[in-house]
Structure formats: C-alpha cells, structure tokens
Amino acid sequence: MRGLFSYRSALLILLLGVFTYLYGLDSRFAPKNGDEYPYMHIVRMTAQVGNWLPLQSEMDGIKNTKPPLIFWQGLASSHWAGQWSLASLRWPSVLYTGLTAFFLFLAVRRFSGKTQTGLLAALVWLSFFATYRYGRPFLADPPEVFWISLPFMALLYWGKGAFESKLFFPLLAGSCFGLALFAKSFAYIAPATFALGLYYWRWRQWSIPKTLTHDLYKVCIAGLLALAVFALWFALDPNPEAIWKEFVLGENAGKFAARNANYVLDLLRGGDSIWLLLLTTLANAGLFTFVLISTLWQCWRERRFLNLEEILLLLLIVAFLIVFTLPSQRSGRYLLPVMPAFAALIALHWERLPLWGFRIALLLQMLALSLLLWIGINLQFSGLMEDLFTWTYSYCHWILMAGSLVIVLVGLLRRNHSKTLALAGCFLTYCALTSSLTPLEAKLGRYSVETITQVQGKDVWIPCDYRAKDEEYRLLLPGAKLHGYLAKDAAEVSKLTSSYPIVAVHAPLGAKPELCDSCQIVGQRMEMRARHSDEEIKQMLQGHIGKYLFVNEYLVVTPVIAPDLSNVKDVCR
C-alpha cells in the first residue's frame, strides 16, 4: 500500500497546486522564457495602432515571430493594453493550463476507471517544472499544448466512438490542430498528424491496408483543415509577404540549416544533438525526472502486457520525438505537448513504481528548499540593506519554508508517504521560490511614486540583457521613454553618467556609486542579476550572495545633453 493515493491527499494537493499557479502570477521573477518580453512588446505596439493585423514591432526581424492568436489573446486580456500588467497578460495561460489538466483528468479517469488515477495524472503534469515554467507566463506554449492534446485526449475518452467517427472527430481534430498552429507554428501539423495516423494504425491492429482504407482520409481531413485555419493569417494580414519571409523562411525553415559543422554531426553531437533532445525532454519533468525515467523503464519491462491506452500514449510521445529530431535546432521545449502523456503513464503505474525515483525527487526538493532558506537567512541578517531599506520577510514565509522542509523530510523517512509527499513537495518548492523573491516585488524592488513622477515623459537609459527587456522596466517606470544599453556595462558608473542624461546604474549592496558633483540620485531599488560568470557562481556558493546575486540600482540624473537617438543603438531592440 506504499503507493496509495487517497481522495483526501488528491484534494489537498489539488488545492495546493491551484494556489501555486496563482501565487505570484504577476511576479517579474516568475520562472519563464525570455520570449515573453518580445511578445509583450508586439502586443503593446499593435494596441497603439489599434488594428488586429498586421502585428507591430520596433524590433528588427521580430514582428511576425509567431502567428497572431497569442497576440490577439494579449490584446483581449489587457483590454488593448489599457490594463497593462503581467497578471492581465498571463491569466489566459493559466486558464489554458488548467483546462489541459482538467481534460487530462477526464480522459485518464474514463479509460482507467479510477478517479484517483485521473486526478493523479493531472497533478503530476502540473508538478512538472516545464509546465510551471511555460504554463503560466505570456507565451504561446499553453494554447499550443491544450489544442494539440485535446484530440488525443478525446480519443482516449471516447474510444471506439471517436476512432470510428467518419467526419465529426476528423473535423474536431482538424479544428483543434488548426488553433494550435494559429498559436505557435504550422510545423506542428507534422507530428500531430503523424501521431494521429499511428493512433489509427494501432486501432486497426497494425493493419496498414485497413488503416489506409478506413482512416487515411480522416488524417487528411484533419491536416488540411488545420492548415486552412493557419492560412487565415495570410488571408487576413495586409502584408503576407512579410509573414512568408519572417515566419515561414526565417522562423521555421531556418531550423533545418546546419548549426555547426554539418547536419549529421549536429545530429550526433553538440548542443543540438538527439541525445541532448532526449535529455531535455526528460528534464521537462523537473523534480520528477527520475520518476519519469523509472516509469519508462517499467513500461519497457512490461511492454508485452501494456494495454491499448498505454500504447497510444507512448505512440504520441514517439511521433513527436521522431519528427523533432529532423530539424537541426532541437529542444525539449518542442516536446511540451507530450508531457501530459508522460504524466498519464506515471499515474497509471504509480502504485507499482519503485521508491528510488521519488526519493531522488525529495532529495532535490530538500536541496532547493535548503538553498532558498540559506539565501533568505543570508540576506535577512547580512546587514547589507541598512542604508537602503530593511529586507523583511513575513512570518508566513518562514512558516512556509519550515513546513515545506518538514514535509519533504517526512517523505524521505516515511516509506508509505514518500510518493504522495514527493508530489506535494514539487508545488511547495515552487511556492518557496516565489515567496523568497516577494520582497523584490514590494517596496524594496520598486521605484517610489515620486521617482516615477519625476521621470514621466523623459528619456531614461536602462540595462538590457535580452531583446525587449525594456517591457519589464515599463512596469517599474510607467510613462518614461526607455532606451537600452548593454547590461554588462551597468556597473561602469562614470562611463554611463557621462553619456546619458538619466540613467540606471548598478552598485554592490551596501555601496553607493561614485558620482560627479552635478549628478543627482532620484531613485533607488534592489534588483536580482540574471547572468553570472563561473567565478561569480563559485563566489555565491561560498556565501557571497549579497555581493553577486543582488545589486542596488540607482536612477541618476546627470548634466549630459541627451544624445541624438537616431545615432544611438537601442540594445533592447
């Protein structure tokens, strides 16, 4: 009974999971992908013009970077940028993620006959770090995963009724695939229809003649309808030539060009090899990576006894894996649509899985929680913030950290509770990460109202380490005219203050920048650095957190005359 997963445990972890996905939804430090900044920029610029199409951007080569559905979603949720906040842009992503989990629950419950197994599949998928990282921010992944997964979950739910459907299901599948393409890329039609064909092939008992006779036209209907939905972009956009050049040729066809030596060598070695694709796909499970590995090993051992639904789940995974080995640019992110299938397999084998995978998950959680606790204590009592603000964590933060560590420790010590507490520990770890950074979301990490008022309508130079990073600063300095310089130069105070009239500079915690006599500090806050050298990482591991992980950011007004913007490269663009 050591793998028992009760209704009470399911309900408690479900509530914890919902809280985890909503907690800190508007955080600038939420785990995400840097694509969120360009997407925000395109939405804001398109909203200023006031038309759904064409999409607008000030970034060279990044305008038609994705089909318009994700940007239309942003326009609608932010009321055409009238309610401009991360929460406004992100809540549809959480809704898509929640719907994916719900339909995964329905499908697994239906064919397994167990409500607990259905709940477990949904919760395991939500516990994957890739789901948490890509399923909350303003990205194209949540709608893509939902619309691609829905037809396959429908097949698992309806079974024979869907497989034997002559028109209704093919039309449903084509519509869903089309919306996925309209949100992410037309390239996903290849793995989606390939997987659908494999599903029909298995349903016909691996008979190729029967599949070709009874089901080939269904796959064709789904594929052609999906491409027709995607083609609406060309029909509606007044500049279809730009779409062809930027999206079809640049964003998609370019992924087949050799990245380093040649195609074959890239396939077998380097950062885009098939081996790294396999590794990053498994790593999408995050803290549950070794649980996933043990599940796949068990599937292999029991391959002769797998039921129909388990085979179909594996066929979906194999189809996507085969297709996405073909481009020379390979990433586990492309396999996000099959992560619900992985979660379903874990749920189906849950009670028979060995404990070692869960214990590794608990150890990783213990390590992550200990590191977050160490960072919090180091900053709380370091005294580095005495001249700026008081770094304050609420009592709830310390209760969360202590409670999470206790729960994970109990999971390590109590064999009968290891699996359930390992699942709960994933969500607790994510909550602890968000809670550890909450001071930077409050007064400590923001400019005062007086500072924001003082720079309204003025040109301000800010550090950029990613294209469109100024979209984040627009949340910190609304109304200012922002321009970017290289983030690596942020600590070169004398150079910056002699070049720009109003500029944000960085200084170590506890130290103020050395400024010219005519320079004036008009605002200050704390910021967390995003990129570090190997030496800096080594120093942080030795305890120098305050010196390398966090910096003070000062907004400085100088006597410098504003440069001619037409001759200055904006690094954020």
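The legends below describe close-up views of a predicted model. Residues are numbered from 1 along each chain as its sequence is written, and side-chain values use heavy atoms, with hydrogens and water left out. In this predicted model, local features need pLDDT of at least 70 and side-chain atom pairs count only at pLDDT 80 or more, whereas totals for chains, interfaces and linings use all residues.

**View 1. Helix α17 and its packing partners.** Helices (H or I, at least four residues) and strands (E, at least two) are DSSP runs, numbered from the N terminus. Helix α17 covers residues 308-323, and its 16 residues reach 23 Å from the first C-alpha to the last, close to the 22 Å expected at 1.5 Å a residue. The expected span is 1.5 Å times one less than the number of residues. At the start of α17, a side-chain oxygen of Asn307 comes to within 3.3 Å of the backbone nitrogen of Glu309. Buried residues of α17 include Glu309, Glu310, Leu313, Ile317 and Phe320; buried denotes under 20% relative accessible area, exposed over 50%, and partly exposed in between (1.4 Å probe, protein chains only). The buried residues of α17 pack against α4 (86-112), α7 (141-158), α8 (160-163), α10 (189-203) and α18 (339-349), where contact denotes heavy atoms within 4.5 Å.

**View 2. Helix α9 and its surroundings.** Helix α9 (residues 168-183) has 16 residues and spans 23 Å between its first and last C-alpha, close to the expected 22 Å. Among its buried residues are Phe169, Pro170, Gly174, Cys176, Phe177 and Phe182. The packing partners of the buried residues of α9 are α3 (69-77), α7, α8, α10 and α12 (216-236).

**View 3. The largest nonpolar core around Phe128.** A nonpolar core is a set of buried Ala, Val, Leu, Ile, Met, Phe, Trp, Tyr and Cys residues joined through side-chain atoms within 4.5 Å. The largest has 137 residues, of which Phe128, Phe288 and Leu423 touch the most other members. Helix α4 gives the most to this core, with 11 residues. Leaving aside residues up to four places away in sequence, Phe128 touches Tyr21, Asn284, Ala285, Phe288, Met339, Phe342, Ala343, Ile346 and Tyr430. A second, separate core of 16 residues includes Ile452, Leu482, Ala504 and Cys572.

View 4. Glu472 pairs with Lys32, the closest N and O atoms being 3.9 Å apart. Glu472 lies in helix α24 (residues 470-476) and Lys32 in the loop between α1 (7-22) and α2 (36-49), so this pair ties together parts 440 residues apart in sequence. Glu472 is buried at 6% relative accessible area, and Lys32 is buried at 17%. Asp35 and Arg333 meet in a salt bridge at 3.1 Å, N to O. Because Asp35 lies in the loop between α1 and α2 and Arg333 in the loop between α17 and α18, their pairing ties together parts 298 residues apart in sequence.

**View 5. The Asp141 and Lys184 pair.** The closest N and O atoms of the salt bridge between Asp141 and Lys184 are 3.0 Å apart. Asp141 belongs to helix α7 and Lys184 to the loop between α9 and α10, 43 residues apart. Asp141 is buried, with a relative accessible area of 2%, and Lys184 is buried, with 7%.

Key: Polar contact = N/O pair within 3.5 Å; in protein donor to acceptor, adjacent residues only side chain to side chain. Salt bridge = Lys/Arg side-chain N within 4 Å of Asp/Glu carboxyl O.
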